[in-house]
Amino acid sequence: MSDHDVAVIGGGCVGLSVAKHLLERDSTLDVCVIEKEYHLAEHQSGRNSGVLHPGFNYPPGSLKARFATEGTSRMKSYCRENGIPLEEFGVVVAATDDAEVERLDDLDEQAEANGVEASIIDGDELREHEPHAAGIAALYCPEAASVDSQQYVYTLAREVSSQGTTFYMGHEVECLDEVAGGHRIETSNGRLTADYVVNAAGLYADRLAQQVGVGHDMQVVPFRGEYYELVPERRDICRTMIYPTPDPELPFLGVHYTRRTDGKVIVGPNAVLAFGREAYRNTDFDLGELKETLGYEGFWRLVASRKMLGVAVDELGKSYRKERFVEASRKLVPGVREEDFARSYAGIRAQLVSDDGQLVKDPVFEHGARSTHVLNAVSPGLTSSLPFGEHVAEQVAERL
Ligand SMILES: Cc1cc2nc3c(=O)[nH]c(=O)nc-3n(C[C@H](O)[C@H](O)[C@H](O)COP(=O)(O)OP(=O)(O)OC[C@H]3O[C@@H](n4cnc5c(N)ncnc54)[C@H](O)[C@@H]3O)c2cc1C
């Protein structure tokens, strides 16, 4: 007999949401969460922009659009019910030239198709929202909000813990083996067994999946996103959230200004190849992991295009030279100076890249014999975490 019915590997917002929804379906299940760190929210779920993206940015009909729109409203209710800091600031997506204005029209149509409230405003109206923002027009979406993602993760953990979930903190899963009737899970702190495994290990999810024969034609490539923050006396430069018009060919949103729930204004993130899956500073590297990325054919196919190579070089410049980062930030707020910015934290995106060099844009999960592996919980993974976790839990419940 196994130690647990279900073992969830990874105590980020996705793993915990899966645990929550499994228990909502069947409160008699014996669920455990295995987390390698001694604290929660140490990785993506605690190192992000904390923005609820309401879904104007995603193709109608896609899982991403569905999860983002539903996730935004469910997260708002969850935060209100549980006293998690939430600020419903809304966002302006600024367009600085005619090509961007055209793209705003596409975003506006997408917003309508996805049932998201949004409107196009002119430059003067933009400045009524954000007096320091540049732009000849903007998409204004009042539904975007800022949340405290770390408190959200801890609230989910308290909820599932109060329903009997066992937390194995400081237990890094090193080896996953399928055995008769379930899994043997070797951790840095001893062996556990479970009838069913949900792998939500974020930056390491692909590695664990591959141990049980799942997800072989793709690999996580870690992209670091670094932030600066405005010094306290200049925080009034941004009242809410100011975003650039996204480039549909690039998966990351581009440097933006976000007012957080604690009043800080963060500027970023950029997107540089991280020299290790948890290499948070631009001087950190993990030789083995770097070799793993550089030895991956999908990575070289990805950067083979001229555009991607140009973007990569540009983003590296922003990482190592503050003036380059500030210069890029001036596109949205021309009045900012270097002394307005102080270095802040960084996060690393677990971006799945396929063998043919494509950045996988949709959420991906795959099943093994008695396991489910969340391989691509890409942004807006925080926003989407409640419906996405529920969706995964439904599939797990059917397979249990
Ligand atoms: C810079 C950045 C900005 C972002 N901004 C936003 C945003 O504004 N809005 C939004 O909606 N989304 C945003 N996202 C995306 C969002 O943060 C992620 O999609 C989401 O947090 C993914 O959650 P997760 O639970 O899958 O991963 P994680 O939070 O990384 O959790 C995985 C957990 O697994 C644990 N783990 C890993 N390996 C093992 C192992 N072997 N054994 C045991 N435990 C293990 C890790 O310690 C970690 O706690 C951003 C992401 C980044 C990086």
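A residue counts as buried at under 20% relative accessible area, as exposed at over 50%, and as partly exposed in between (1.4 Å probe, protein chains only).

## Basis of the model

This is a predicted model, in which local features need pLDDT of at least 70 and side-chain atom pairs count only at pLDDT 80 or more, while totals for chains, interfaces and linings use all residues. Residues are numbered from 1 along each chain as its sequence is written, and side-chain values use heavy atoms, with hydrogens and water left out.

E226 belongs to strand β13 (residues 218-230); helices (H or I, at least four residues) and strands (E, at least two) are DSSP runs, numbered from the N terminus. With a relative accessible area of 3%, E226 is buried.

The side chain of E226 makes a polar contact of 2.6 Å with the side chain of N270 and another, of 2.9 Å, with the side chain of S319. A polar contact is a pair of N or O atoms within 3.5 Å; within protein, one must be able to donate a hydrogen and the other to accept it, and residues adjacent in sequence count only if both atoms are side-chain atoms.

## Ligand surroundings

The shell around the ligand holds 37 residues, of which E35, S45, V51, A377 and T383 come nearest; a residue is near a molecule or strand if one of its heavy atoms lies within 4 Å of it. By class, the shell divides into 15 nonpolar, 16 polar and six charged residues. Here Ala, Val, Leu, Ile, Met, Phe, Trp, Tyr, Cys and Pro count as nonpolar, Asp, Glu, Lys and Arg as charged, and the others, Gly among them, as polar. Domain 1 (1-50 + 148-217 + 362-400) and domain 2 (218-354) both contribute residues to this shell, so the ligand lies between them; the domain bounds come from an automatic or database domain assignment.

Two or more shell residues come from each of α1 (13-25), β2 (31-35) and β18 (341-354). The largest share, three residues, is that of β18.

## Strand pairing

Strands β3, β8 and β4 form an open antiparallel sheet in the order β3-β8-β4. Its edge strands, β3 (51-52) and β4 (86-87), each pair on one side only. Two strands pair if DSSP finds at least two bridges between them. Two bridges join β4 to the antiparallel β8 (residues 145-147), and L86 has V147 as its bridge partner in β8.

Strand β7 (residues 137-141) has four of its five residues buried, so β7 is largely enclosed by the rest of the structure. It pairs in the antiparallel sense with β5 (residues 91-95) over five bridges and with β6 (residues 119-122) over four bridges. Opposite Y140 in β7 stands V92, and opposite A138 stands I121.

## Backbone features in loops

A cis peptide bond with omega of about 0° joins G268 and P269, the latter in the loop between β16 (265-268) and β17 (272-273). Another cis bond, with omega of about 10°, joins S379 and P380; P380 lies in the loop between β20 (371-376) and α11 (385-399).

A41, in the loop between β2 and β3, has phi near 60°, a positive value in a residue other than glycine. A41 is buried, with a relative accessible area of 10%.
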